[in-house]
Amino acid sequence: MISEEQLRKQICKIGERLYQCGFVAANDGNISARLDDNKYLITPTGVSKADLTLDNLIVINDKGEVLAGNLKPSSEYKMHLAVYHNRPDIHAVVHAHPPISTAFAVCRKPLDMPILAEAIVNLGVIPLADYALTGTDEVPNSILPFVKDYNAALLANHGLITWGRDLQEAHFRMESAEHYAKIYLYAKEVGEPVFFNRKQIDELVELRTRYGVTTGGEYKLGDN
Ligand SMILES: [Zn+2]
């Protein structure tokens, strides 16, 4: 069992990596981890992800009430709780604004192109959640349709949220999603991207069970 201190360290490290990768600017983004059924660690509002410290992380309960910490929790804590409440297997959530994925969110396009094996197996389709005003209940409601069956969602005109069985998986999904979006963008520049066909997609989806991944949605494209 991973200790609270280890989780705090991991969150700080992920914050730095999000910042260094240019996935967040200023104090964008938020990271959380489940401590137990009714306790969650979450990043504070108003602090750059590059400047997180073990002490400035917040512990909140199921209702978002602060149990420990001196700062205010991220204003998007409800979005994180919406994932935890509907997915007992999920122990970490990462939200950021990686530029290329967010460009898809701005154009209101899901990331559902079957072009890369790893993305199909570990990430799956990234659906597009409806636009929601930040900080309101509309935000958790917008992702609810996707929490059970997917590993990530684009937030219309806003950014990307990913979740995983641990912090590394949630963070890797954030990195993989942006990498995948970037490769698709380059591929469009180079020529016409070739999608996997149905048989190839099905083979890759079957591989998910080998990695214990049960979610990721279904590809509609590639029926050629
Ligand atoms: Zn955001």
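**Strands, rings and cores**

User: Which residue in β2 stands opposite Ala 33?

Analyst: This is a predicted model, in which local features need pLDDT of at least 70 and side-chain atom pairs count only at pLDDT 80 or more, while totals for chains, interfaces and linings use all residues. Residues are numbered from 1 along each chain as its sequence is written, and side-chain values use heavy atoms, leaving out hydrogens and water. Strands here are DSSP runs of E with at least two residues, and helices are runs of H or I with at least four, both numbered from the N terminus. In strand β2, the residue that stands opposite Ala 33 is Leu 41.

User: How many bridges join β1 to strand β2?

Analyst: Two strands are said to pair if DSSP finds at least two bridges between them. A hairpin connects β1 to β2 by way of two residues. The strands β1 and β2 run antiparallel, and the number of bridges that join them is four.

User: What is the bridge partner of Ser 32 in β5?

Analyst: β1 also pairs with β5, in the antiparallel sense and over four bridges. Within that pairing of β1 and β5, the partner of Ser 32 is Val 93.

User: In what order do the eight strands of the open sheet lie?

Analyst: Beyond its pairing with β1, β5 pairs in the antiparallel sense with strand β8 (residues 159–164), over five bridges, and in this region Ala 92 stands opposite Gly 164 of β8. The pairing in the open sheet is mixed, and its eight strands follow the order β4-β3-β2-β1-β5-β8-β7-β6.

User: Which are the edge strands?

Analyst: In the order β4-β3-β2-β1-β5-β8-β7-β6, the names at the two ends are the ones to look at. Each edge strand pairs on one side only, and these strands are β4 (66–68) and β6 (128–129).

User: How many of the seven residues of β1 are buried?

Analyst: A residue is called buried under 20% relative accessible area, exposed over 50%, and partly exposed in between, using a 1.4 Å probe and protein chains only. β1 is largely enclosed by the rest of the structure, because the number of its seven residues that are buried is six.

User: Which residues of α2 are buried?

Analyst: Helix α2 covers residues 77–86. The helix is mostly covered, with seven of its ten residues buried. The buried residues of α2 are Tyr 77, Met 79, His 80, Leu 81, Ala 82, Val 83 and Tyr 84.

User: What is the angle between the planes of Tyr 40 and Tyr 84?

Analyst: Rings of Phe, Tyr and Trp (its six-membered ring) pair if their centres lie within 6.5 Å, and planes under 30 degrees apart count as stacked, over 60 as edge-to-face and the rest as tilted. The structure holds three such pairs. Tyr 40 and Tyr 84 form one that is stacked, with 4.8 Å centre to centre and an angle between the planes of 25°.

User: How many residues apart in sequence are the parts that Tyr 40 and Tyr 84 tie together?

Analyst: Both Tyr 40 and Tyr 84 are buried. Tyr 40 lies in strand β2 and Tyr 84 in helix α2, so the pair ties together parts whose separation in sequence is 44 residues.

User: Which residues of the largest nonpolar core touch the most other members?

Analyst: A nonpolar core is a set of buried Ala, Val, Leu, Ile, Met, Phe, Trp, Tyr and Cys residues joined through side-chain atoms within 4.5 Å. Among the 37 residues of the largest core, those that touch the most other members are Ile 11, Leu 18, Ile 31, Phe 104, Leu 111, Ile 126 and Leu 167.

User: Which element gives the most residues to this core?

Analyst: Several elements give two or more residues to this core, including α1 (4–20), β1 (30–36), α3 (99–106) and α6 (167–190). With seven residues, the element that gives the most is α6.

User: Which residues does Ser 101 touch, not counting those up to four places away in sequence?

Analyst: Ser 101 is found in helix α3, and it counts as buried because its relative accessibility is 0%. Contact means heavy atoms within 4.5 Å. Leaving out residues up to four places away in sequence, Ser 101 touches Leu 111, Leu 154, Leu 160, Ala 177, Glu 178 and Ala 181.
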